[in-house]
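Biologist: I'm new to this one and would like to learn how to read it. Could you take me through it feature by feature?

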Amino acid sequence: MESLHIYNTLTKQKEKFEPINPPNVGFYSCGPTVYNIPHLGNVRTFMAFDVMYRYLKHIGYKVKYVRNITDVGHMTNSAGIEADSIGDLAKAESVDPMQIVQKYTCAFHDLMRVFNIQPPDIEPTATGHIVEQIDMVEAIIKNGYAYEKNGSVYFDVPKFAKAYDYGKLSGRNIDEQQEGYRELDAQDEKNDPRDFAIWKDCDETYLQRYTSPWGKGVPGWHLECSVMSTKYLGQRFDIHGGGMDLKFPHHDCEIAQNIGAGEGEPVKYWVHTNMLTMNGKKMSKSLGNSIFPDELISGENDLMDKGFSPMVIRFFMLQSHYSSEFDLSNDALLAAEKGYKRLMNAQVSLNKLTHTEANTDTAEDEAVQQLCAQCNHKMNDDFNTAQTLAVLFELANKINAYTNKQSDVSKLSATTFQLLQTTFNTFVTDILGLQPEEEGNQEVVNGLMQLIIDIRAEARTKKDWGTSDKIRDDLNKLNILIKDGEETTWTYE
Ligand code: AMP
Ligand code: ZN
């Protein structure tokens with residue numbers, strides 16, 4: 001069987017995927033920081049990893065997918081400035097930081113469900129792994145790659161860089177790296193401006209702080225991922241994902257910490273998603289150009305003409321390869337809506353088609369077989385969802401032709417017809433995670449209700465009050481109210 005190839009951002013090459021311990025695959029992706037609702041750019045990244053997770057399972061791997069929740073940590077925001085995001089919000093709202101964490105963790109989970117993004121196998125939290133993080137800081141100090149100053153512990157970048165290729169993942173040279181660290185208040189206590197905090201001293205103004213051998217403080221943000229990935233996946237694991245903006249400093253620091261702790265290089269394949277942009281600029285909270293999922297779904301925003309359903313948005317995102325940048329616009333979403341409906345209609349038609357006899361036409365039969373094989377082939381090429389969708393559209397053309405009788409489905413052998421049904425359904429539903437819209441169900445409900453209302457009207461014309469009342473009363477029990485008037489209507493309360 002053809003193998004999966006993944007673009008490894010560490011080696012900057014597309015490589016054959018060979019897991020360390022097949023059929024097991026260890027997969028880690030950086031999760032959300034839970035102090036606000038993720039924007040659509042974040043959703044794109046989590047969705048890309050969802051499709052990878054689904055596909056790896058589909059091709060037979062036993063995947064352990066770990067995606068963390070960042071619920072504490074000494075962070076720098078996208079401008080490289082220190083921020084205590086969760087604590088600051090808790091203070092502003094006069095609540096406990098864990099209330100902020102709980103609220104936004106729930107909101108994140110709700111959002112993942114709306115977009116049909118599967119939950120990971122393990123979802124560890126930074127607050128739940130303070131002990132392990134302290135252990136790693138101690139190991140790094142013991143190995144001579146970190147030093148303590150005034151209750152904080154800093155990673156010694158120049159010393160590490162003498163022995164290892166620091167910044168290898170992002171490709172930044174050591175002098176450029178200073179840009180990532182503008183932690184102004186701590187600059188004078190570091191031995192070198194490039195050093196980064198792995199433990200940060202916190203005074204009583206910080207609402208989240210933990211006891212450590214260096215006094216009360218919090219772990220550095222990069223540390224949690226080093227700790228939680230290897231705790232659950234082993235010191236060397238297969239895939240680590242995140243958005244491209246995390247390559248530096250977050251992921252380069254992760255590598256340095258794992259090596260500094262004496263564990264060696266943690267990751268075989270690094271995978272980075274590209275950015276969702278709006279009007280050509282990276283969507284980001286700090287740039288103020290982020291659009292939130294509920295605004296896009298409801299249509300309550302200044303940028304789009306109308307709302308778009310979660311499945312249309314999912315389809316839209318899968319139309320681009322995860323490693324390309326792509327832009328959110330009204331026109332692109334309108335086009336995606338048409339494409340999504342065409343694909344889902346083809347699926348409905350396919351599942352209604354019957355294949356009673358075969359009058360096999362070899363050319364047609366082989367064409368369909370080849371298209372089915374292409375679906376795997378495209379996904380094996382670094383999870384190319386864009387091209388997989390293009391092949392599914394070619395199959396949709398065939399399905400429509402069989403349905404409209406422009407072509408005869410009996411041209412396919414029974415085996416090929418079965419292959420077509422299995423492949424189309426598996427790729428659309430299980431791998432790409434596209435589901436019929438709620439709207440579709442609503443159409444069925446409306447149709448059924450009209451049928452019931454018609455039957456009741458007929459009973460009433462025949463003065464069959466028993467049947468007519470039974471229908472009304474039984475519907476009432478289901479909270480469906482029938483209102484008789486010029487036209488009979490119904491409401492669900
Ligand atoms: P955060 O909660 O800010 O740490 O972000 C969660 C994930 O979303 C990370 O993997 C980020 O790299 C990713 N991300 C942030 N902005 C974008 C964007 N505009 N497009 C795609 N992914 C993004
Ligand atoms: Zn991370």
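Biologist: Let's begin with sheets: in what order do the five strands of the open sheet come?

Modeller: First, some ground rules. This is a predicted model, where local features need pLDDT of at least 70, side-chain atom pairs count only at pLDDT 80 or more, and totals for chains, interfaces and linings use all residues. Residues are numbered from 1 along each chain as its sequence is written, chains are lettered from A and ligands numbered from 1 in the order in which they are written, and side-chain values use heavy atoms, with hydrogens and water left out. Helices (H or I, at least four residues) and strands (E, at least two) are DSSP runs, numbered from the N terminus, and two strands pair if DSSP finds at least two bridges between them. Now your sheet: the order is S7-S8-S9-S11-S10, with antiparallel pairing. Strands S7 (146-149) and S10 (210-212) each have a single partner strand, so one side of each is left without a neighbour in the sheet. From one strand to the next, the twist averages 35°. For angles like that, axes are lines fitted to C-alpha atoms (for helices, over the stretch in contact), and angles run from 0 to 180 degrees between N-to-C directions.

Biologist: Which helix packs on the sheet?

Modeller: For packing, look for contact, meaning heavy atoms within 4.5 Å. Here helix H4 (residues 130-142) does the packing, touching S7, strand S8 (152-155), S9, S10 and S11. The direction of H4 makes about 125° with that of S9.

Biologist: How many bridges join S9 and S11?

Modeller: Strand S9 (residues 196-201) and strand S11 (residues 215-219) pair over three bridges, in the antiparallel sense. Aspartate 201 has glycine 217 in S11 as its bridge partner. S8 and S9 also pair over three bridges, again antiparallel, and there tyrosine 154 is partnered by alanine 197 in S9.

Biologist: Is S9 mostly covered or mostly open?

Modeller: You need a cut-off for that: buried means under 20% relative accessible area, exposed over 50%, and partly exposed in between (1.4 Å probe, protein chains only). S9 is mostly covered, with five of its six residues buried. Across the 493 residues of the protein chain, 51% count as buried.

Biologist: What about the open sheet of four strands: what is its order?

Modeller: That one runs S4-S3-S12-S13, and the pairing is parallel. At its edges are S4 and strand S13 (267-273), each pairing on one side only. The twist averages 20° from one strand to the next. Inside the sheet, strand S3 (residues 24-29) and strand S12 (residues 237-243) pair over three bridges, with phenylalanine 27 opposite isoleucine 239.

Biologist: On to helices. How far apart are the end C-alpha atoms of H3?

Modeller: The expected span of a helix is 1.5 Å times one less than its number of residues. Helix H3 (residues 97-114) has 18 residues and should span 26 Å; its end C-alpha atoms are 26 Å apart, which agrees. Helix H10 (residues 330-352) agrees too: its 23 residues should span 33 Å, and its ends are 33 Å apart.

Biologist: Which residues of H3 are buried?

Modeller: An α-helix has 3.6 residues a turn, so residues three or four places apart point the same way. In H3 the buried ones are Pro97, Ile100, Val101, Tyr104, Thr105, Ala107, Phe108, Leu111 and Met112. Down the axis of H3 they fall within an arc of 165°, so they line one face of the helix. The arc is that of the directions from the helix axis to the C-beta atoms. Among what covers the buried residues of H3 are helix H1 (40-58), strand S4 (62-67), helix H2 (85-93) and helix H8 (293-298).

Biologist: And in a loop, is isoleucine 69 buried or exposed?

Modeller: Isoleucine 69 lies in the loop between S4 and strand S5 (75-76), and isoleucine 69 is buried, with a relative accessible area of 2%. Leaving aside neighbours within four places in sequence, the contacts of isoleucine 69 include Pro32, Val34, Thr105, Phe108 and Glu224.
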